Amino acid sequence: MRALAGALLSLLLRALLTSTPHALGANPGLVARITDKGLEYVAREGSVALQKELLRITLPDFTGDFKIKPFGRGHYEFHSLSLHSCELRGSALTPLPGQGLSLTISDSFVRVQGEWKVRKAFVKLHGSFDVQVKGITISVNLLLGREPSGRPTVTASGCSSHIRDVEVDVSGDLGWLLNLFHNQIESKFRRMLESKICEMLQNSVTSDLRPYLQTLPVTTEIDSFANIDYSLMEAPRATAQMLDVMFKGEIFNRHHYSPVTFLAPVMNLPEQHDRMVYFAISDYVFNTASLVYHELGYMNFSITDDMVPPSSNIRLTTKSFRPFVPRLAKLYPNMNLELQGAMASAPFLNFSPGNLSSTPLIDIEAFVLLPSSVREPVFRLGVATNMSAMLTFNTSKITGLLKPGKIQVELKESKVGVFNVALLEGLLNYYILSTLYPKVNEKLAEGFPLPLLKDIRLYDPVLEIHKDFLFLGTNLQYMRA
């Protein structure tokens, strides 16, 4: 019994640890939240698109027989039907918890024009007609899902349409005769249009909306070194007032993928509805980027004497070091030095309310450049610095800027005796401010793009720094072709 319990526990743990995308501790790195205000805008844009689709509907001819005293029996035909005008009003897109969204269009209007023919015995007559279709109500559920590739999917379900009123105006010879049985004609128009509207909606979701959702990027290039993974971790999640889309949000080396050893934090998003969409971008996104560039050695550097400004009180020569490191000058007379620096580990950004900071640690090793071109290690320094960061948004990208803080230098190892490293602080501070910071800020200014559908522009942004994440609120605009 104990063995069976152990086996069941082992299987349960294995299932929890390997199930995807809901793996244990697997939180999204980025969440896009579409608010009720955003859904209202999407509904309006959707109704504009559907209005164009309605005007393209091909309406079938329809026929019927009539019997009116004293004329007896006859046959009528309505043909060459075309939608002349259309106005969709009162559109609403509401969350359907656990499923997706519900689209409702109410109090809409359509005008149809066409030709009619009547045949009785050997007599044939014809004319034109005009149909006013009023009070159209359309509803359809949009079921949202996720493909194995991480792209969103959508399926139309439960479509229904209802027409409150149909008015047929028939002109031409014997038009008054057809008006006598307008109820029969109007009933056929109602059934035909209700069926055609749902058919159009189904086709539009399949041929237009579904491919459009496929324009949401799964992998986006940042530069020649890194990509960002924007695959969906699960199907978009609809709640009572909003729609949340969870993205992995991991930046990775595009040539060599290395698994990340830390998890994205749980983000507690504030309840805000002033903007159409909010992006919660966790520190996971920025820190996975730091890992990539650290592994690439992007922040490694070397300082040689020709890089030291002429005004400096110290040169990178053993002669210059004689007053405070006499042993160095004695062992290696009149030789140049080189300082090689690298981050001790990938510098992570720390997010706290209203504040962004980082405390990178730099290892610096000093070498004597021997006449044989061999580099002889002589001492090792540790440099600690505090820096603040500022993040901004420029219509589609998050960009950044580092602001330098004070540095502290520590002698970690020396083969030429103990000496006062404070004399090197000025030189190192100059290099970090004049070369290292500008290099990093140039890369941060390039930024990384947010996951956006095709032809979407963001505007009126508001940025907030919360614990563990950046919160960006913005409105959106669909740029029609």
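Predicted model: local features only at pLDDT ≥ 70, side-chain atom pairs only at ≥ 80, totals over all residues.

Residues are numbered from 1 along each chain as its sequence is written, and side-chain values use heavy atoms, with hydrogens and water left out.

**The disulfide**

- Searching the whole structure gives one disulfide, the term being used for a pair of cysteine sulfur atoms within 2.5 Å.
- The disulfide is formed by Cys-159 and Cys-198, whose sulfur atoms are 2.2 Å apart.
- Because the torsion about the S-S bond of Cys-159 and Cys-198 is about -90°, this disulfide is left-handed.
- Since Cys-159 belongs to strand E7 (residues 152-170) and Cys-198 to helix H4 (residues 182-213), the pair ties together parts that are 39 residues apart in sequence; helices (H or I, at least four residues) and strands (E, at least two) are DSSP runs, numbered from the N terminus.
- Cys-159 is partly exposed, its relative accessible area being 28%, whereas Cys-198, at 16% relative accessibility, counts as buried; here buried means under 20% relative accessible area, exposed over 50%, and partly exposed in between, with a 1.4 Å probe and protein chains only.

- Cys-86 is buried, with a relative accessible area of 11%.

**Ser-204 in helix H4**

- Ser-204 is located in helix H4 and, with a relative accessibility of 11%, counts as buried.
- When its neighbours within four places in sequence are left aside, Ser-204 is in contact with Leu-50, Glu-53 and Leu-209, where contact means heavy atoms within 4.5 Å.

**Positive phi at non-glycine residues**

- Ser-80, although not a glycine, has a positive phi of about 55°; this serine lies in strand E3 (residues 72-87) and is partly exposed, with a relative accessible area of 48%.
- Asn-334, which is not a glycine either, has a positive phi of about 55°; Asn-334 is placed in the loop between helix H6 (326-331) and strand E15 (336-343) and is exposed, with a relative accessible area of 63%.
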